[in-house]
Amino acid sequence: MQKHWEIKSPDPQLIANFSKVLKVDPIISAILINRHIDNLIEAENFLNGGLKNLHDPFLLKDINKAINRIKKAAQDKEKVIVFGDYDADGVTSSMLLYKLLTGMGIIVISHIPHRVRDGYGLNEDIGHFAKKEKVRLIIAVDCGITAKEEVDKINQLGIEVIIIDHHEPEEGRTPNALAVIDPKQNDCHYPFRELSSVGLVAKIIEAINGSIEDEVLNIAAIGTIADVVPLTGENRILVKNGLKNINDTKNNGIAAILDVSRIRGKKISPYHVGFIIAPRLNAAGRMDSAHKALDLLLSDNYDKAFMLAEELEHDNQNRQKLQKEIEKEALNIVEQTVNFKDQKIIVISKEGWHKGVLGIVASRITDRFYRPTIVISVEDGIGVASARSIDGFHLHQALCQCEKYLEGFGGHEGAAGLTIKEENIDSFRDLINEIANKSLELKKLVPTVIVDCEVPLSKIDLNLANKLEELEPFGEGNPLPIFYTRNLTVKGRALTMGKDTLKFWVTDGKNTISAVGFGMASFLPLVADKSKVDIAYNITIDDWNKSPVAQLKLKDIKASE
């Protein structure tokens with residue numbers, strides 16, 4: 001699919017000022033400005049910020065109420081239920097809360113709902129269970145911010161609720177809980193809004209203990225990356241410090257995952273967390289119960305942790321197999337039923353699809369066709385769906401306009417979930433496409449490559465590649481920088497290798513460098529010997545069986561004009 005290149009043009013004066021004061025290459029300055037960093041203090045914190053730059057946790061609304069209630073539970077030797085979500089952020093949050101509370105002498109009952117049987121979030125049943133167990137406090141983590149009715153019913157049973165969540169409140173209103181810790185509340189003035197739930201738990205630990213220890217940072221880094229929140233501000237500090245010593249972690253569960261997945265000893269990056277560690281933690285909740293992942297992280301015995309990590313490895317393999325099967329079926333339905341001329345939003349459904357992989361399948365279809373996608377699994381006349389969007393289409397706002405056809409929904413701009421009666425699917429498909437036809441321009445249906453700046457080939461060397469590594473960790477909100485160079489000449493014959501990899505050399509007449517494009521073998525006709533090309537790329541380091549050299553990792557290729 002042809003891509004549009006959006007080339008940033010940061011202020012030259014600001015670039016010069018950053019470079020002079022911070023003593024950094026102008027390319028680094030341009031990247032910082034493109035990450036919406038427009039003053040020297042922010043730039044300095046981005047480059048060199050450490051734990052000392054974390055904000056005061058007591059700036060979080062209701063944190064004093066929450067801490068005082070937790071301390072009362074410890075003093076009275078209460079039992080407390082920690083109710084977490086079934087994804088990696090929820091599991092890591094639940095684990096840190098369990099360790100904190102039990103360390104204070106509180107008896108903790110951990111509960112994570114079953115994705116298929118229980119669905120998402122707080123429910124009245126947990127209130128009745130708490131009353132039966134003589135529990136007077138429930139702490140909901142990574143969920144609860146929209147559970148107004150559920151919290152009211154739990155309160156009526158004489159049970160108090162603390163909510164720790166990072167999702168958007170509905171219409172700005174929050175449940176009537178004892179304490180709500182969520183920086184996205186309208187009346188919370190915490191300086192950084194983008195903490196994940198595990199980051200919020202880390203802040204509570206910091207408030208109670210006075211610091212955040214390495215083991216907490218390790219767990220917080222994993223949950224933060226897994227939840228795909230922006231790796232800026234405090235998230236960047238937590239991840240940067242949490243990953244740097246993760247190979248030496250004291251947590252048996254993390255150590256076991258590193259060993260089972262054979263990445264122990266490597267420099268662990270957000271890539272390893274996002275594509276290796278997090279999928280294994282998430283696999284438990286996708287395929288069965290997330291308690292297995294929680295048990296892994298809480299294990300005080302390495303051998304037991306290793307056995308659980310192997311089970312998660314098996315669960316993840318089953319998830320991959322199931323996902324591929326459903327993805328194949330879904331793609332067939334798309335190709336046979338979707339009229340791309342009239343339908344900007346892909347809405348497909350089938351009886352019996354496993355609910356645990358709908359989100360991944362929706363993401364794959366969105367990536368394939370670059371259109372917002374809603375994948376619905378129907379059972380007994382009720383559809384449960386996951387939805388993923390593209391830049392330029394706000395999913396949650398669109399779903400609000402389709403409310404009359406929905407039984408329930410929630411989410412944000414880029415991702416959402418919903419329930420719908422089977423009989424309403426066709427009407428829903430028509431309405432959301434009607435909304436998209438009015439608001440989603442055709443040009444938005446073309447994937448965009450965001451280019452940081454133009455770089456001459458003569459500038460690219462190992463020194464620049466090493467300087468770029470200082471901007472790590474890369475991820476959501478701080479993407480790996482993309483550059484472009486025009487009017488280069490392909491030198492020699494391009495090669496295609498396993499998994500559709502394309503490799504060739506480019507030169508500007510004086511300097512020559514290798515370029516590799518994963519999954520880009522289809523561009524082979526464009527890169528014949530002596531062809532003139534413009535390329536968009538990341539600058540990486542190639543050290544495979546040789547001394548390290550700079551290499552271009554291709555994002556797109558165009559014939560030079």
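Trainee: Let's start with the cysteines. How many disulfides does the model have?

Mentor: The general idea comes first: a disulfide is a covalent bond between the sulfur atoms of two cysteines. In this predicted model, the count is zero disulfides.

Trainee: On to charges. How many salt bridges does the structure hold?

Mentor: As a general idea, side chains of opposite charge can pair when their charged atoms come close. Here the structure holds 30 salt bridges. One of them joins the side chains of K72 and D76, with 2.9 Å from N to O. K72 is partly exposed at 40% relative accessibility, and D76 is partly exposed at 37%.

Trainee: Which residue does E124 form a salt bridge with?

Mentor: With K153; the closest N and O atoms are 3.8 Å apart. That pair links distant parts of the chain, since E124 is in helix 6 (residues 124–132) and K153 is in helix 7 (residues 148–156), 29 residues apart. E124 is partly exposed, with a relative accessible area of 31%, and K153 is partly exposed too, at 36%.

Trainee: Now K203 and E234. Are they buried or exposed?

Mentor: K203 counts as buried at 1% relative accessibility, and E234 is buried with a relative accessible area of 2%. Their side chains meet in a salt bridge, 3.0 Å from N to O. K203 lies in helix 8 (residues 197–209) and E234 in helix 10 (residues 233–243), so this pair ties together parts 31 residues apart in sequence.

Trainee: Which residues are linked with K61 in a network of salt bridges?

Mentor: D62, K65 and D187; together with K61 they are linked in a network.

Trainee: Let's turn to strands. How many bridges join strand 2 to strand 3?

Mentor: Five, and the two strands run parallel, with strand 2 at residues 79–84 and strand 3 at residues 107–111. Then follow the chain through helix 5 (residues 88–103): strand 2, helix 5 and strand 3 make a right-handed β-α-β unit.

Trainee: Helices next. Which residues of helix 1 are buried?

Mentor: In helix 1 (residues 12–22), the buried residues are L14, I15, F18, S19 and L22. They cover an arc of only 130° around the axis, which puts them on the same side of helix 1. On the other side, P12, Q13 and K20 are exposed.

Trainee: What covers the buried residues of helix 1?

Mentor: The cover includes helix 2 (26–34) and helix 3 (40–48).

Trainee: Back to helix 6. Which of its residues are buried?

Mentor: I126, G127 and A130. Their arc around the axis is only 105°, which puts them on the same side of helix 6. The face turned away from that buried side carries the exposed residues D125 and K132. As for packing, the buried residues of helix 6 sit against strand 2, strand 3, strand 4 (137–141) and helix 7.

Trainee: How many residues of helix 11 are buried?

Mentor: Eight of its nine, so to speak a mostly covered helix, spanning residues 252–260. The buried ones are N252, G253, I254, A255, A256, I257, L258 and V260.

Trainee: What covers those buried residues of helix 11?

Mentor: The cover includes helix 9 (214–226), helix 12 (270–287), helix 13 (291–298) and helix 14 (302–337).

Conventions. Residues numbered from 1 in each chain as written. Predicted model: local features only at pLDDT ≥ 70, side-chain atom pairs only at ≥ 80, totals over all residues. Heavy atoms only, no water. Disulfide = S-S within 2.5 Å. Salt bridge = Lys/Arg side-chain N within 4 Å of Asp/Glu carboxyl O. Buried < 20%, exposed > 50% of the residue type's maximum accessible area, 1.4 Å probe, protein only. Helix = DSSP H or I, 4+ residues; strand = E, 2+ residues; numbered from the N terminus. Pairing = 2+ DSSP bridges. Right-handed = clockwise from strand over helix to strand, strands pointing away. Arc of directions from axis to C-beta. Contact = heavy atoms within 4.5 Å.
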